[in-house]
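Subject: Structure for your review

Dear colleague,

Please find below the structure that I am handing over to you. I would be grateful if you could read the notes with the sequence and the model open beside them.

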Amino acid sequence: MTPLLEVKELVKTYPGFRLGPVSFSVNAGSITGFIGRNGAGKTTTLKSILNIVHPDSGSVSIFGMPVRENEKAVKQRLGYAGGAVDWYPRKKISDIVGVTKLFYENWDDAEYKKYLDVFGLDPGKTPRELSEGMKVKLNLTIALSHKAELLILDEPTSGLDPVSREELLDIFTALRDRGVAVLFSTHITSDLDKCADHVTYIKKGMIVASDTKEAFIDSFAKDGIRPDLEEIMIACEKEDFREKLAR
Amino acid sequence: MKNLLVKEIRLSSHILTYLFLAFTAMTFIPGYPILISAFFICFGIFQTFQNGRETNDVLYTVLLPAEKRDAVKARFAFVCVIQLAAFVLFAVFTALRMTLLGDAAPYAENPMMNSNPVFLAFILIVFAEFNALFVGPFYKTAYKFGRPFIAFITVSMITVGVAEALHHIPGLGFLNTAEKLPVQFAALFVSAALYAALTASSCVKAQRRFDLLDL
């Protein structure tokens with residue numbers, strides 16, 4: 001199967017931080033959790049995929065097209081939502097959507113109305129009047145109304161209460177069942193336990209592993225005991241501050 | 001490109017950008033450095049840049065299926081639309097001052113700049129300065145606008161000073177009257193060409209910068 005998203009040898013260097021080389025892929029109709037600690041390079045990777053940040057080297061293909069040369073065509077078919085980003089917080093949702101839909105060839109007003117209804121969004125409200133969970137749902141509504149085939153979500157569950165998080169994960173699962181691919185970054189490993197098919201784990205700018213969730217967990221099994229994702233992450237990342245402080 | 005311009009008007013722009021067009025009426029104030037009104041028009045446009053930063057306009061725009069270069073071009077187009085709307089108002093008010101109000105006492109004894117084609121030429125020069133010193137350099141970061149705006153304030157104020165001083169130089173008194181109109185219209189034509197050239201080159205440079213920018 002040709003991957004929907006393919007990242008190859010992506011490298012981006014900042015003063016004091018180097019990302020990569022990063023390689024992984026996302027298939028259609030799958031949920032990929034992109035995990036790592038805060039500052040591990042998740043957002044830089046996602047921004048590089050979207051050409052918001054320019055990598056020093058490497059390549060990104062989406063829908064079989066190199067993103068750099070086909071940015072406009074690629075963005076017609078994908079949706080992006082950052083964690084707590086507000087677009088035009090004081091404009092009405094109906095005004096924002098009224099402009100946004102002009103850019104999408106596949107915009108479907110009937111779908112838009114359906115998702116407004118499903119998510120309980122009032123188009124007369126402004127983004128600043130929405131809770132964090134509703135903001136993510138608004139971004140999803142926009143993405144799904146132009147029939148996005150790939151959703152790239154940067155920490156969509158951060159700051160959400162447990163019920164909203166659970167609801168969002170249910171939505172991801174339903175979308176996957178309809179053939180939509182979801183790539184979402186998170187440091188909340190329990191999100192992945194519930195819905196991810198694949199896990200890509202990044203640590204200090206480097207990919208530690210990228211595999212199906214089962215194979216990923218199996219690779220960390222010891223003496224027949226399979227740890228959960230949280231145990232894996234803690235085992236890989238935890239620094240011994242007691243020892244450091246004792247020096 | 002058309003959709004991006006619609007986005008500029010409906011989502012990105014700030015109401016003050018439009019309201020500040022009323023400053024064109026400063027053309028009628030006697031005994032006042034009326035060229036300052038061109039600065040106020042640009043200050044109104046500046047509010048849209050400030051609004052854009054507060055509302056994550058740049059990031060929203062680059063996530064749309066549109067060329068980044070077109071996003072810059074659309075912003076320049078929006079700026080030019082506002083400036084040209086202001087210019088039309090300035091031109092109408094100038095025509096009124098030169099015809100119906102031509103003999104009005106406050107203007108006959110006006111020690112400061114009168115409105116005439118040379119005044120309109122200076123308006124375009126201030127607008128060109130805004131586009132070259134503020135709008136273009138803003139796209140070095142698409143975030144920081146303090147330094148470019150200070151550069152514009154400095155140069156535009158010097159321009160106002162020069163414009164006010166010129167007609168006091170012996171032989172150049174006609175610059176503040178309705179005399180030698182062919183010369184005045186030639187100055188207007190030259191400044192219009194300067195406006196077009198500086199705006200276009202600033203736009204091209206900004207497009208290149210913005211394309212390479214990490215947001």
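Predicted model: local features only at pLDDT ≥ 70, side-chain atom pairs only at ≥ 80, totals over all residues.

The hairpin in chain A

Strand β1 (residues 5-14) of chain A runs antiparallel to strand β2 (residues 17-26) of chain A, and seven bridges pair them. Two residues lie between β1(A) and β2(A), which together form a hairpin. In the turn, Gly16(A) has a positive phi of about 85°. To find your place across the two strands, look for Thr13(A), which stands opposite Arg18(A) in β2(A).

Salt bridges

Side chains of opposite charge can pair when their charged atoms come close. Over all chains, the structure holds 19 salt bridges.

One salt bridge joins the side chains of Glu149(A) and Arg77(A), with a distance of 2.8 Å from N to O. This pair links distant parts of the chain, for its members are 72 residues apart. Glu149(A) is in the loop between α5 (132-145) and β7 (150-154) of chain A, while Arg77(A) is in the loop between α2 (71-76) and β6 (78-81) of chain A. Glu149(A) is partly exposed because its relative accessible area is 29%, a value between the limits of 20% and 50%. Arg77(A), at 27% relative accessibility, also counts as partly exposed.

Another salt bridge brings together the side chains of Glu111(A) and Lys114(A), at 3.6 Å from N to O. Both residues lie in helix α4 (residues 109-119) of chain A, three residues apart, which is about one turn of the helix. Is Glu111(A) buried or exposed? Glu111(A) has a relative accessible area of 17%, so it is buried, the limit being under 20%. Lys114(A) counts as partly exposed at 38% relative accessibility.

A further salt bridge is formed by Asp197(A) and Arg176(A), whose closest N and O atoms are 2.8 Å apart. Asp197(A) lies in the loop between α7 (189-195) and β9 (198-203) of chain A and Arg176(A) in helix α6 (residues 162-177) of chain A, so this pair ties together parts that are 21 residues apart in sequence. Asp197(A) counts as partly exposed at 26% relative accessibility, whereas Arg176(A), with a relative accessible area of 18%, is buried.

In chain B, salt bridges that share partners join Lys7(B), Glu8(B), Asp57(B) and Arg75(B) into one network.

A buried asparagine

Asn51(A) lies in the loop between α1 (42-49) and β4 (57-62) of chain A. Asn51(A) counts as buried because its relative accessibility is 3%. The C-alpha atoms of Asn51(A) and Glu71(A) are separated by 7.8 Å, and the two residues are 20 residues apart along the chain.

Charged patches on the surface

Asp193(A), Asp228(A), Glu230(A) and Glu231(A) form a negative surface patch. Among them, Asp228(A) is placed in the loop between α8 (213-218) and α9 (229-237) of chain A, and its relative accessibility of 34% makes it partly exposed.

On chain B, a patch of positive charge gathers Lys140(B), Lys144(B), Arg147(B), Lys205(B) and Arg208(B) on the surface. Lys144(B) is found in the loop between α7 (117-138) and α8 (146-166) of chain B. Lys144(B) counts as exposed because its relative accessibility is 57%, and the limit for that class is over 50%.

Yours sincerely,
A colleague

Notes:
Residues numbered from 1 in each chain as written. Chains lettered and ligands numbered in written order. Heavy atoms only, no water. Patch = residues over 30% accessible without salt bridge, like charges linked within 9 Å, V, L, I, M, F, W, Y side chains within 5 Å. Areas by Shrake-Rupley, 256 points an atom, 1.4 Å probe, with all protein chains shown as cover. Salt bridge = Lys/Arg side-chain N within 4 Å of Asp/Glu carboxyl O. Lys, Arg positive; Asp, Glu negative; His and termini not counted. Charge placed at Lys NZ, Arg CZ, Asp CG, Glu CD. Helix = DSSP H or I, 4+ residues; strand = E, 2+ residues; numbered from the N terminus. Buried < 20%, exposed > 50% of the residue type's maximum accessible area, 1.4 Å probe, protein only. Pairing = 2+ DSSP bridges.
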